[in-house]
Amino acid sequence: MKRTGNRIDRRSFLQLAAATSGLALWGCGPRKKEAGPTGGPGMRYRALGKTGLKVSELTFGAHGVDNAPLMRAAIDAGVTTFFTSGEYLDGREEASLGRAIRAIGIRRNDLVIVTGITMRPGMPKQRILDSIDRSLGRLGTDHIDVYGTFEVCTPSDVRDEAWFDAVEEAKRAGKVGHMALSGHCGGMQACLNAAIEDERFEVLLFKYDFVSYPDQAEILRRAAERGIGAIVFKVNAGNRAQEIKDLEAGGLSFRQATVKWALGNPDVSSVAVTITNFDRIKELTAAVGVKLSQSEADMLRRYRDEMVGQYCRFCRTCEGRCPHGVAVADVMRYAMYFKYYGREKEAMRRYRALPAGRSASACARCAGPCDAGCPFGRRTRDGLVDAHRLLDFAPV
Ligand code: SF4
Ligand code: SF4
């Protein structure tokens, strides 16, 4: 958001207006639903583009969770789609999902498993094939339904021929069903557009919320027209409801409203949500198949109005202003995991793994030229000082 004093520029205003009308329209819009393969109590299912797969409207985002009973409870609630990664918890998360599948005795073909790998520059084809084999072993299955290149940030990440060669070979061998791309960087629109134009990706997985980037709705529409499925995540726009007094007054649930909002777009196949406890399964499955109410739309508008200048989109625009090379977007994201997602250990581990000099240790002694570089008006320096205090546990 470009601001001049209390004013915002015309482009930002139009984007905000589009987001507002989206909230209203999707609250009343048509809902595309299909009968599911296993039929949990209130679960609904949608086609995942032209893949031939049906996914539960709620996808279990297993990120950071190593809890087979919890995964089993989600399956009992009708969740058939699981989004994990060979790299989360060094593969323990995939192994946990494999145990849950065996324990519950569900037929493998009644589940849709999405996993993948973060590509590093120059990663050879054989390493990708080896990663696929390791994932198959941990999951205890002979095939992965959707395999993705994760943490994509620039269009050049989309065009890695070693990736395409490896996944096509795995598809011919029957080890992988469909190819996906996933990311949550600020420049994700360019990556998504490049992936749609490329025509080899069959599924897109990306951050999608009611505060940022209303142009993503148009990208979703074009992807749907070409038969590309979309599983969206981080729909809660930073998950900072606790910071707004009485936001959920009257028994409203911010989490439920964000899921309803995303599912209100018929071009979304499923919403992936990180599920960390049994109550969350109950709360979120209750949001499936229910339209966003006027009160919920009003709640989301209020959240957007109060958070629009405080919420980091991980766009990296401000990083060019930093003389110290701080990885602003990554630090902000880890702070979000720590403060608002209850994933403190993981956030600290990721922070410690940043390359030397990329942490926010220098911010407390800096005047903060990055503040002027945020198009959303975020007070970047203050956020980074706070993030370092949280993630490093060191006085600043
Ligand atoms: S506060 Fe200073 S050191 Fe920290 S990111 Fe901003 S410009 Fe860089
Ligand atoms: S602080 Fe602003 S410019 Fe920097 S990454 Fe976040 S949203 Fe982008």
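Predicted model: local features only at pLDDT ≥ 70, side-chain atom pairs only at ≥ 80, totals over all residues.
For what follows, Ala, Val, Leu, Ile, Met, Phe, Trp, Tyr, Cys and Pro count as nonpolar, Asp, Glu, Lys and Arg as charged, and the others, Gly among them, as polar.

The shell around ligand 2 holds 16 residues. Cys-312, Cys-315, Thr-317, Cys-318 and Cys-374 are the closest of them. Sorted by class, nine residues of this shell are nonpolar, four are polar and three are charged. Which helix gives the most to the shell? That is H12, covering residues 328-340, and three residues of the shell come from it.

Next, the sheet. Eight strands form a closed barrel, in the order S5-S6-S7-S8-S9-S10-S11-S12, and the pairing is parallel. On average, neighbouring strands in this sheet are turned by 25 degrees against each other, with direction ignored. As background, strands of a sheet pair through backbone hydrogen bonds, in either the parallel or the antiparallel sense.

Two backbone angles deserve a look. Glu-199 is not a glycine, yet its phi is positive, at about 75 degrees. Glu-199 sits in the loop that runs between helix H7 (188-198) and strand S10 (203-207). Lys-234 is not a glycine either, and its phi is positive too, at about 50 degrees. The loop in this case lies between strand S11 (229-233) and helix H9 (254-263).

Are these two residues buried or exposed? Glu-199 has 10 other C-beta atoms within 10 Å, and the cut-off for exposed is 12 or fewer, so Glu-199 is exposed.

Last, confidence. The protein chain has a mean pLDDT of 85, and 88% of its residues are at 70 or more. Over residues 1-22, however, pLDDT is below 50, and the model gives this stretch 23 contacts beyond near neighbours in sequence. Residues 24-40 also stay under 50, with 41 contacts beyond four places in sequence.

Technical notes:
Residues numbered from 1 in each chain as written. Chains lettered and ligands numbered in written order. Near = placed C-beta within 6 Å. Helix = DSSP H or I, 4+ residues; strand = E, 2+ residues; numbered from the N terminus. pLDDT = per-residue confidence, 0-100. Contact = placed C-beta atoms within 7 Å. Buried ≥ 20, exposed ≤ 12 C-beta atoms within 10 Å, placed from the backbone. Pairing = 2+ DSSP bridges. Axes fitted to C-alpha atoms, helices over the stretch in contact; angles between N-to-C directions.
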